[in-house]
Amino acid sequence: MNPNGSGSIFDEFLNANSIFLNKEVLRHSYTPDYLPHRDEQIRSIAAILSPALRGETPSNILIYGKTGTGKTAVARYVGKELENVGRNRNVPCHVVYLNCEIIDTQYRVLANLSKYFNREVPMTGWPTDQVYQEFKNAIDRHRAVIIIILDEIDKLVKKGDEVLYNLSRINSELDNAKVSLIGISNDLKFTEYLDPRVRSSLGEEEIVFPPYDAQQLRDILEERAKLGFRDGVLEDGVIPLCAAFAAQEHGDARRALDLLRIAGELAEREGAEKVTERHVRLAQEKIEIDRIVEVIKTLPMHSKVLLYSVVFLESSNVRGATSGEVYRVYKEICREIGIEPLTPRRITDLISELDMLGIINATIVNKGRYGRTKEITLSVPLESTKSVLLSDYRLSNLKDFTQKLSVQSHF
DNA sequence: CCTCCACCGGAACGTGAGGAGT
DNA sequence: ACTCCTCACGTTCCGGTGGAGG
């Protein structure tokens, strides 16, 4: 027994009557066995891939759809099934999944593919064509159909379409193996940047995933909730509310699942018996705040200083400061932390950027005789914004600055 | 009705980093 | 190793603007 008089400090959190049965199924990385409202897409992908089971090369496929429309889940699901059936029928099919957001260069794609077929390739160092050769040798030893799923393929294209060109014509250089590609993109127009030959080869078949509506999102959540939560811990309104919030967010199932999971986590942390609509609203708020914090954290330094100027003015009870006022404070802060201020022209652009991001609100107002300017207000919570900004080491010594000037402003 | 404030925002240009080609 | 090109970020310059006050 520890000095606190209980077993372990984790006991309280390991308590048996947890709300969750299995939290993993509520993550969007989980591939469920049943995907509601995607039968049509599953069927068409299966139909396109079915030649693989006769040892023939399936057409390449491009899958489009916004985030959280089930593209990845469907592709992986069909891939898994194909491998299973192939194994039973003794027709070897390999499905390789690559996320191009992480694996985003030609070299890394080829190195990862080689690794999948047990060819160790150093993460860096070899000439690209040697890795390509290595990969071809690795797969061509056996008679097999290989499906390569390239998720977020648009990220790959930004760095040049050479990989896609090579992969799409690899079949003509192979004797035994057959390769076909599934590209997944949430950008409908990304093929515009492609070489026409790659475009036509890659887009032999195109499938669009429409967004889910609120009712469909409810079905999806019900399905996962059965596996993820204990019986009866969800109040009636919880799932519909999650679905409604996510439906506003262009029918994003990922968002809906996040909401449900986070609502559950919040309830659990409170020690509540049930997940209520209030928890869902709190979860919605938390997701929004997390997003803002992330955006602010990754802002360039001058934008941070600029935002801090707005924060400073608002904490001195100046709401709707003009660009001129904000700029003067900004210059002052720059001097305080020893950096060169940018010109007003540049600041105008940075203000517009912050406006676009929804962090501040800038509206043009005419004050007649007294000119024409933008009135700037903060549209995110003041205190949390301030603390995020101050957590940047370059701004950290502004804590005193706030006090110094806010004392002055009392005059 | 005219002026003129205090800024907006377009255009052109400069600069350094990073990638591709050779 | 070298040049060339592109791109993001900034600056300089400047024409434009809606309405309070004269």
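In the predicted model, the largest nonpolar core has 37 residues, of which Val 305, Leu 306, Leu 307, Ile 359 and Ile 360 touch the most other members. A nonpolar core is a set of buried Ala, Val, Leu, Ile, Met, Phe, Trp, Tyr and Cys residues joined through side-chain atoms within 4.5 Å; buried means under 20% relative accessible area, exposed over 50%, and partly exposed in between (1.4 Å probe, protein chains only). Two or more residues each are given to this core by helices H12 (277–297), H13 (301–315), H14 (323–337), H15 (344–356) and H16 (382–390), and by strands E7 (360–366) and E8 (372–378). Helices (H or I, at least four residues) and strands (E, at least two) are DSSP runs, numbered from the N terminus. H13 supplies the largest share, nine residues. Beyond its neighbours within four places in sequence, Leu 306 is in contact (heavy atoms within 4.5 Å) with Val 326, Tyr 330, Ile 347, Leu 350, Ile 351 and Leu 354. Another core, of 35 residues, lies apart from the largest one and includes Leu 110, Leu 113, Ile 139 and Phe 190.

This is a predicted model, in which local features need pLDDT of at least 70 and side-chain atom pairs count only at pLDDT 80 or more, while totals for chains, interfaces and linings use all residues. Residues are numbered from 1 along each chain as its sequence is written, chains are lettered from A and ligands numbered from 1 in the order in which they are written, and side-chain values use heavy atoms, with hydrogens and water left out.

An open sheet is formed by three strands in the order E6-E8-E7, with antiparallel pairing (two strands pair if DSSP finds at least two bridges between them). Strand E6 (321–322) and E7 are at the edges with a single partner strand each, so one side of each has no neighbour in the sheet. Seven antiparallel bridges join E7 and E8, and Thr 363 stands opposite Glu 375 in E8. Elsewhere, strand E2 (residues 93–99) is largely enclosed by the rest of the structure, because five of its seven residues are buried. E2 pairs with strand E3 (residues 145–151) in the parallel sense over seven bridges.

DNA strand C is surrounded by residues including Leu 342, Arg 345, Asn 366 and Tyr 370 (near: a heavy atom within 4 Å). Of the atoms of DNA strand C that come within 4 Å of the protein, 76% belong to sugar and phosphate. A polar side-chain atom of Thr 343 lies 2.9 Å from a phosphate oxygen of DNA strand C, and a side-chain N or O atom of Arg 346 is 3.1 Å from a phosphate oxygen of DNA strand C.

How values were computed:
A polar contact is a pair of N or O atoms within 3.5 Å; within protein, one must be able to donate a hydrogen and the other to accept it, and residues adjacent in sequence count only if both atoms are side-chain atoms.
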